[in-house]
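Work through the exercises below with the predicted model at hand. Try each task before reading its solution.

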Amino acid sequence: MTTARFFTTGSRIDAVEITGHAGYAQEGEDIVCAAVSANLDLTSCLLADVLGLALTTEVDEQHASIRIALPDQLEEAEEIQAQNALSALMLYLINLKARYQDFIEVMEV
């Protein structure tokens, strides 16, 4: 199962960590893993490459884990854009869970 954890402070999403393999199908054919990976990549590109934010990214291939974290302090406009991007990722994953509930978990911590 893939688990997506959104780390929050109050209403602010500080980081997202995604771990595990969905197990929907064999590696290379798993549409749930592909959907999660593609949307995390898109969000990371938006935050880092489009908005120019200095994300902290941690990848642990051995444990199938990736974590992206926002800087502690952002300008107001950057903060709004970053929160919108992470909120959209969370909503997407929640919607994905509604269709593939045995293969993905989404939580705020």
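**Exercise 1.** Find which residues of the largest nonpolar core touch the most other members, and which elements supply the core.

*Solution.* Start with the members: the core has 27 residues, and Phe-6, Val-16, Leu-47, Leu-53 and Leu-93 touch the most others. Next, assign the core to elements. At least two residues each come from strand 1 (2–9), strand 2 (12–19), helix 1 (31–50), helix 2 (76–99) and strand 5 (104–108). Helix 2 gives the largest share, seven residues.

**Exercise 2.** List what Leu-53 touches, leaving out residues up to four places away in sequence.

*Solution.* With a contact cut-off of 4.5 Å between heavy atoms, the list for Leu-53 is Leu-47, Ala-48, Leu-70, Leu-74, Glu-78 and Ala-82.

**Exercise 3.** Decide how the buried residues of helix 1 are placed around its axis, and what they pack against.

*Solution.* First, collect the residues under 20% relative accessible area: in helix 1 these are Val-32, Cys-33, Ala-35, Val-36, Leu-40, Thr-43 and Leu-47. They lie on the same side of helix 1, because their arc around the axis is only 165°. Then check the other side of helix 1, where Leu-42, Asp-49 and Val-50 are exposed. Last, look for partners: the buried residues of helix 1 pack against strand 1, strand 2, strand 4 (65–69), helix 2 and strand 5.

**Exercise 4.** Describe the start of helix 1 and the residue that follows the helix.

*Solution.* At the start of helix 1, Asp-30 brings a side-chain oxygen to within 3.0 Å of the backbone nitrogen of Val-32. After helix 1 comes Gly-52, with a positive phi near 75°.

Note on methods: Residues are numbered from 1 along each chain as its sequence is written. This is a predicted model: local features need pLDDT of at least 70, side-chain atom pairs count only at pLDDT 80 or more; totals for chains, interfaces and linings use all residues. Side-chain values use heavy atoms; hydrogens and water are left out. A nonpolar core is a set of buried Ala, Val, Leu, Ile, Met, Phe, Trp, Tyr and Cys residues joined through side-chain atoms within 4.5 Å. Buried means under 20% relative accessible area, exposed over 50%, partly exposed in between (1.4 Å probe, protein chains only). Helices (H or I, at least four residues) and strands (E, at least two) are DSSP runs, numbered from the N terminus. The arc is that of the directions from the helix axis to the C-beta atoms. A polar contact is a pair of N or O atoms within 3.5 Å; within protein, one must be able to donate a hydrogen and the other to accept it, and residues adjacent in sequence count only if both atoms are side-chain atoms.
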